[in-house]
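Colleague: Could you walk me through how to read a few features of this model? I would like the general idea, followed by the case at hand.

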Amino acid sequence: MTTGIICSILLLTKSDKKQSNKFLALGILSFCWLNTKILLHSFDLWKIHGFGFFPNGIELALPPLFFFYVVSFVNPKFEFRNKDWLHYIPFFASQVYAIVVYIAIMKTNILSEKRLIADLFSFNQVKEIEEYLLQISTIIYLYFAFRHIQNYKKWLSNTTSDTQFSELNFLNNIVIWFSLISIYTIINLGLNYFLDSSYNWRWKLDHLIIATLVYYMGLIGYKNSDIILKGFSNNSNKKSLKEVDLKLIAQLDQAIKMNKIYLDPKLNLQQVAQMLDVNETILSNTINIHYKKNFRNLINEARVKEVKHRLLTEEIGNLSLLGFAVECGFNSEASFYRIFKTETNLTPKQFIKSHSLAPDLKKI
């Protein structure tokens, strides 16, 4: 909880630069607040007047907070509108109910009487319904958040070859974490009917997993808090080509093979479209249909071919392997090794050895 609060404060100080930091900070704080539930029981505070039945159920706010974090991260132009508050109706309804129950039980100091009053409000049954509603809500929001991430990656593959452009893999990891917690919780809810004796340790493990997620979201979220994605549009274009423009293909081939446009590490679809005097959508669709690949893969494939050609025909000398990669259009060491391995099924060193080239590997 302490780590989460510190990370949230740091993220809130950056929220003026990027609003997604605000949603993440509020999400982490919600997780921290959620952990006060188990603290009330761990420190045996539940029996103390004022602590028992305290309205700290904030779970239903978590799925929409994470969803808006993803949406505002991939689309910096996103604006939270009045109708977006509708996503928080279940949370507000839950809180109003919890506050009403809390006010009612505060009329007595006797714990047994408090429980009787709570039973009149069907407290335990309502909280169980909220748990199932939370899991359904989590699944729905995770699905739409995942779609936004995939749409962004599709846009990225079709519009830019810049290997330093974030692919948002950490967001996928957070989606996986949320999914695992949701699955584990659903299993626990089912096991409650059969394994009452093991109730405590199973739910303590649930909170341990949540604590781990707070660490991960806080640290990885702060690490990526300065990333601003420019140019992404979530509006999919349904246009398609009835036939491939062979003249355009010839021009594109010449631009790649003769002019070596791929040597520009920040090359994007807009630049190539302007160069060839063609609409971006037409160019993108032409690449998809003719080459059976997206713009990003087409350019990176050309870069890998250039690296292979230079390794086979030039002296490495004092230039490192990364130096070759940079000269061929790569601007990230990690992405170069990953893309080279994807294209050739070999690491760069394995490629050199397989062609009987034995330069001083200490320099590579």
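**Reading the model**

Modeller: Happy to. Ile249 is buried, since its relative accessible area is 5%. Keep in mind that this is a predicted model.

Colleague: Where does Ile249 lie?

Modeller: Ile249 belongs to helix H10, which covers residues 246-257. Ile249 and Tyr215 are 34 residues apart along the chain, and their C-alpha atoms are separated by 49 Å.

Colleague: Let's turn to helix packing. At what angle do H13 and H15 pack?

Modeller: Read the angle together with the distance between the axes. Helix H13 (residues 295-313) and helix H15 (residues 333-344) pack at about 90°, and their axes are 10 Å apart. That is why H13 is described as roughly perpendicular to H15.

Colleague: Which residues in H13 and H15 meet?

Modeller: From H13 come Asn297, Asn300, Glu301, Val304, Val307 and Lys308, and they meet Phe336, Ile339, Phe340, Glu343 and Thr344 in H15. Sorted by class, the contact of H13 with H15 has five nonpolar, three polar and three charged residues.

Colleague: Next, the nonpolar cores. How many residues has the largest nonpolar core, and which have the most contacts inside it?

Modeller: The largest nonpolar core has 45 residues, and Phe31, Phe66, Tyr69 and Leu171 are those with the most contacts inside it. To place this core on the fold, look at the helices: H2 (20-34), H4 (62-74), H7 (123-159), H8 (169-191) and H9 (199-223) each supply at least two of its residues. The most comes from H4, which gives ten residues. Another core, of 19 residues, lies apart from it, and includes Leu269, Leu283, Phe295 and Ala302.

Colleague: Which residues does Phe66 touch, beyond those up to four places away in sequence?

Modeller: With those left out, Phe66 touches Leu142, Ala145, Ile174, Val175 and Phe178.

Colleague: Now the rings. How many aromatic pairs does the structure hold?

Modeller: The structure holds 25 aromatic pairs. For each one, read the centre-to-centre distance and the angle between the planes. Phe67 and Tyr141 form a tilted pair, at 5.6 Å centre to centre with 55° between the planes. This pair links distant parts of the chain, with Phe67 in helix H4 and Tyr141 in helix H7, 74 residues apart. Phe67 counts as buried at 12% relative accessibility, and Tyr141 also counts as buried, at 14%.

Colleague: What kind of aromatic pair do Phe340 and Phe351 form?

Modeller: That pair is edge-to-face: Phe340 and Phe351 are 5.8 Å apart centre to centre, with 80° between the planes. Phe340 lies in helix H15 and Phe351 in helix H16 (residues 348-354), so the pair ties together parts that are eleven residues apart in sequence. Phe340 counts as buried at 0% relative accessibility, and Phe351 is buried at 3%.

Colleague: Which residues form one aromatic cluster?

Modeller: One aromatic cluster is formed by Phe23, Phe67, Phe68, Phe78, Phe80, Trp85, Tyr88, Phe91, Phe92 and Tyr141.

Key. Residues numbered from 1 in each chain as written. Predicted model: local features only at pLDDT ≥ 70, side-chain atom pairs only at ≥ 80, totals over all residues. Heavy atoms only, no water. Axes fitted to C-alpha atoms, helices over the stretch in contact; angles between N-to-C directions. Helix = DSSP H or I, 4+ residues; strand = E, 2+ residues; numbered from the N terminus. Parallel < 35°, antiparallel > 145°, perpendicular 65-115°, else oblique. Contact = heavy atoms within 4.5 Å. Nonpolar A, V, L, I, M, F, W, Y, C, P; charged D, E, K, R; others polar. Core = buried A, V, L, I, M, F, W, Y, C linked by side-chain atoms within 4.5 Å. Buried < 20%, exposed > 50% of the residue type's maximum accessible area, 1.4 Å probe, protein only. Phe/Tyr/Trp six-rings, centres within 6.5 Å; stacked < 30°, edge-to-face > 60°.
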